[in-house]
Amino acid sequence: MSKITFKSVDDKFLVEINNKILNRIKNECINARTKETGGILIGNYSENQSIANIRSITGPPKDSKQDRHTFRRGINGLMKLLDNKWNLGQYYLGEWHFHPNSSSQPSQVDDNQMKNFAKDGLLQCPEPILLIIGGNQNKWDLSVHVYTKTNRTTLTKI
């Protein structure tokens with residue numbers, strides 16, 4: 001199965017996502033029409049911890065709030081799902097988010113939220129990934145970022 005790889009300029013971060021997962025994200029975006037949507041990224045790391053492999057995603061949990069310019073991901077069902085994935089060696093890796101008919105670049109709200117996630121010890125993910133898909137089904141725009149408590153690193157498709 002073909003996959004897309006993103007990496008940071010300093011090669012510190014590499015993220016891989018296969019086309020099947022990416023197509024699922026696109027379908028979630030098409031179904032959301034003109035509303036923002038999103039979910040979480042689930043996967044694992046390579047043996048040497050150098051590559052994050054996105055293995056699955058969720059759509060928006062039922063308690064999510066969606067409108068044309070905002071998305072607030074809910075939490076319904078995620079803890080049970082993540083517990084089950086943990087037993088399979090897969091973990092919370094971060095978030096994905098859709099900006100309909102717009103850029104895939106993160107907003108200040110996105111940046112602040114992801115930095116807060118990096119600080120949140122309960123997530124056990126000190127470097128969460130944010131995958132943003134913008135545009136529409138005629139032309140998708142994709143960006144991938146890794147956050148720490150204070151910084152955002154933008155990855156480039158290779």
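**Pockets, cavity and barrel architecture**

The lining of the second largest pocket comprises 3 nonpolar, 9 polar and 4 charged residues. The structure is a predicted model, and the pocket in question has a computed volume of about 330 Å³. Of the 16 residues that line the second largest pocket, E36, H69, T70, F71 and H97 are the closest to its centre. Strand 6 (71-72), strand 7 and helix 3 each supply at least two residues of this lining.

By class, 22 residues of the lining of the largest pocket are nonpolar, 5 are polar and 6 are charged. At least two lining residues come from each of strand 2 (14-18), strand 3 (37-45), strand 4 (51-57), helix 2 (78-86), strand 7 (91-100) and helix 3 (108-119). Helix 2 gives the most to the lining of the largest pocket, with 5 residues.

A search of the whole structure for cavities of 30 Å³ or more returns 1. The space in the largest cavity amounts to about 70 Å³. Its lining consists of F71, R73, E95, W96, H97, D110, Q113 and L130. Strand 7 and helix 3 are the elements that give two or more residues to the lining of the largest cavity, and strand 7 gives the most, with 3 residues. The lining of the largest cavity divides into 3 nonpolar, 2 polar and 3 charged residues. Two residues named for this cavity, F71 and H97, are also among those closest to the centre of the second largest pocket.

A barrel is closed by 8 strands in the order 1-2-4-3-7-8-9-10, with mixed pairing. On average, neighbouring strands of this sheet are turned by 30° against each other, direction ignored. Strands of a sheet pair through backbone hydrogen bonds, in either a parallel or an antiparallel manner. Strand 2 and strand 4 run parallel and are joined by 4 bridges. Within this pair, L14 has I51 of strand 4 as its bridge partner.

Two helices are described relative to the strands. Helix 2 packs on the sheet and touches strand 3, strand 4 and strand 7. The direction of helix 2 makes about 20° with that of strand 3. Helix 1 (residues 19-32) lies across strand 1 (3-7), strand 2, strand 3, strand 4, strand 7, strand 8 (129-136) and strand 9 (139-147). Helix 1 runs at about 75° to strand 2.

Within strand 9, the position of S143 was examined. S143 has a relative accessibility of 5% and therefore counts as buried, the cut-off being under 20%. Leaving aside neighbours within four places in sequence, S143 is in contact with S104, Q105, L130, L131 and I132. Of these contacts, L130 is also one of the residues lining the largest cavity. S143 and S46 lie 97 residues apart in sequence, with a C-alpha to C-alpha separation of 21 Å in space.

Note on methods
Residues numbered from 1 in each chain as written. Predicted model: local features only at pLDDT ≥ 70, side-chain atom pairs only at ≥ 80, totals over all residues. Heavy atoms only, no water. Nonpolar A, V, L, I, M, F, W, Y, C, P; charged D, E, K, R; others polar. 1 Å grid on protein atoms, 1.4 Å probe; cavity = no way out; pocket = protein on both sides within 12 Å on 5 of 7 lines; lining within 4 Å. Points joined across faces, edges and corners; volume = space filled by probe spheres on them. Pairing = 2+ DSSP bridges. Axes fitted to C-alpha atoms, helices over the stretch in contact; angles between N-to-C directions. Contact = heavy atoms within 4.5 Å. Buried < 20%, exposed > 50% of the residue type's maximum accessible area, 1.4 Å probe, protein only.
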